[in-house]
Amino acid sequence: MKYKALLVLSVGLLGVFAGQADDMSRDAIKDRIKPLGQIHVAGAQAQTAAASGPRSGADVFKTSCFACHGTGVMGAPKSGDAAAWGDRIANGMDTMLKHAIEGFNAMPPRGTCGNCSDDEIKAAIEHMIEGL
């Protein structure tokens with residue numbers, strides 16, 4: 001009786017492990033352990049991004065600047081607000097560009113556009129103060 005139960009248990013275990021052997025291929029393992037998402041490090045160039053030339057000031061503003069400069073968060077001068085931009089404009093474009101690139105007060109370096117070129121940041125500033 002013991003031998004019969006041991007034999008049935010052994011055959012059962014052999015069947016279970018044999019069934020899992022198919023799932024141990026390299027492709028199956030890679031599929032099971034693949035990452036669920038990807039990480040983007042600020043300032044790093046995205047590998048899948050296609051070079052499309054410089055972005056316009058309006059595009060940079062919409063994607064990276066609007067969150068603060070569209071609403072005035074933490075004292076950020078709102079786009080098109082002559083009173084808020086007056087003293088900054090008086091300091092000159094070089095100073096505004098330096099502050100935008102290096103960071104100033106609550107604004108981090110390059111704002112929220114870690115992959116913007118200096119020219120794209122300048123274009124965004126020009127877009128925000130256009131007509132003032």
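What covers the buried residues of helix 5? Helix 4 and helix 6 are part of the answer, and point 3 comes back to this. Keep in mind that this is a predicted model.

1. Overall make-up. The protein chain has six helices and zero strands, so a run along the sequence reads α-α-α-α-α-α. Of its 132 residues, 16% count as buried. The accessible surface comes to about 10,100 Å², and carbon and sulfur atoms hold 59% of that. As for contacts with a separation of 6 or more, 52% of them link residues 24 or more positions apart.

2. Helix 5, buried side. Have a look at Met 96, Leu 97 and Ala 100, which are buried in helix 5. Viewed down the helix axis, the buried residues sit within an arc of 95 degrees, so they line one face of helix 5. The general rule is handy here: an α-helix has 3.6 residues a turn, so residues three or four places apart point the same way.

3. Turn to the face directed away from the buried side and you'll find Asp 94 and Glu 102, both exposed.

4. Gly 103 follows the helix, and its phi is positive, near 95 degrees.

5. The largest pocket. Its volume is about 680 Å³. There are 33 lining residues, and those closest to the centre are His 69, Ala 76, Pro 77, Phe 104 and Met 107. Two or more lining residues come from each of helix 3 (57–69), helix 4 (82–91), helix 5 (93–102) and helix 6 (118–129). Helix 3 gives the most, with six residues.

6. Ser 64. This residue belongs to helix 3. Is Ser 64 buried or exposed? Its relative accessibility is 13%, and the cut-off for buried is under 20%, so Ser 64 counts as buried. Leaving aside residues up to four places away in sequence, Ser 64 touches Thr 112 and Cys 113.

Note on methods. Residues numbered from 1 in each chain as written. Predicted model: local features only at pLDDT ≥ 70, side-chain atom pairs only at ≥ 80, totals over all residues. Heavy atoms only, no water. 1 Å grid on protein atoms, 1.4 Å probe; cavity = no way out; pocket = protein on both sides within 12 Å on 5 of 7 lines; lining within 4 Å. Points joined across faces, edges and corners; volume = space filled by probe spheres on them. Helix = DSSP H or I, 4+ residues; strand = E, 2+ residues; numbered from the N terminus. Buried < 20%, exposed > 50% of the residue type's maximum accessible area, 1.4 Å probe, protein only. Arc of directions from axis to C-beta. Contact = heavy atoms within 4.5 Å. Areas by Shrake-Rupley, 256 points an atom, 1.4 Å probe, with all protein chains shown as cover.
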